[in-house]
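Subject: Handover of a structure and notes on its salt bridges

Dear colleague,

Please find the structure below, together with its sequence. My notes on the charged side chains follow it.

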Amino acid sequence: MTAANDSLQLEIHDIEVSVLTGIYSEETHLPQPLRISLTVDMVCPDRFDPDTPLSASKNYLDLKHAATGALPPGLHFTLIEAVADHICETLFLGDPRVTKVSVKIVKLAIAEAGESIGITLVRHRR
């Protein structure tokens, strides 16, 4: 049993990926560069001993895949919110221990002075 206050968060930050997204005509034909960061909350085991197997947690490459390879090539997402939703669903479907996913997406093409412009979507398992 896990104590009520215990939690495990896996994080990956600043993955850059090109995705077909946007609403303006200049955005709809070419992939847009996005910077994606994920925080994934999981059911936490009681303890992590030195010889605890990877199966007690989650492979970070699964998170990276959800933000890169699992995005359907050639599919246009009108909103980056839909990109974030797709990432959340991929992670929920891939592991029943995932309880919450936070996806931050920054649209790199619209930054003019190094600012970060984008969204953060937080979804809980339903």
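Does K58 count as buried or exposed, and what is its relative accessibility? The model is a predicted one, and in it K58 counts as buried, at 7% relative accessibility. The cut-off for this class is a relative accessible area under 20%.

K58 takes part in a salt bridge with D62, where the closest N and O atoms are 3.4 Å apart. D62 is partly exposed, its relative accessible area being 37%. K58 also meets the side chain of D95 in a salt bridge, at 3.5 Å from N to O. Because D95 sits in the loop between α2 (80-94) and β3 (98-107), and K58 in the loop between β2 and α1 (60-67), this pair ties together parts that are 37 residues apart in sequence. D95 is buried, with a relative accessible area of 6%. A network of salt bridges links K58, D62, D95 and R97.

R35 forms a salt bridge with E16, and their closest N and O atoms are 3.2 Å apart. This pair links distant parts of the chain, 19 residues apart: R35 belongs to strand β2 (residues 32-42) and E16 to strand β1 (residues 8-19). R35 is partly exposed, at a relative accessible area of 25%, whereas E16 counts as exposed at 54% relative accessibility.

In total, the structure holds seven salt bridges; those described above are among them.

With kind regards

Key:
Residues are numbered from 1 along each chain as its sequence is written. This is a predicted model: local features need pLDDT of at least 70, side-chain atom pairs count only at pLDDT 80 or more; totals for chains, interfaces and linings use all residues. Side-chain values use heavy atoms; hydrogens and water are left out. A salt bridge is a side-chain nitrogen of Lys or Arg within 4 Å of a carboxyl oxygen of Asp or Glu. Helices (H or I, at least four residues) and strands (E, at least two) are DSSP runs, numbered from the N terminus. Buried means under 20% relative accessible area, exposed over 50%, partly exposed in between (1.4 Å probe, protein chains only).
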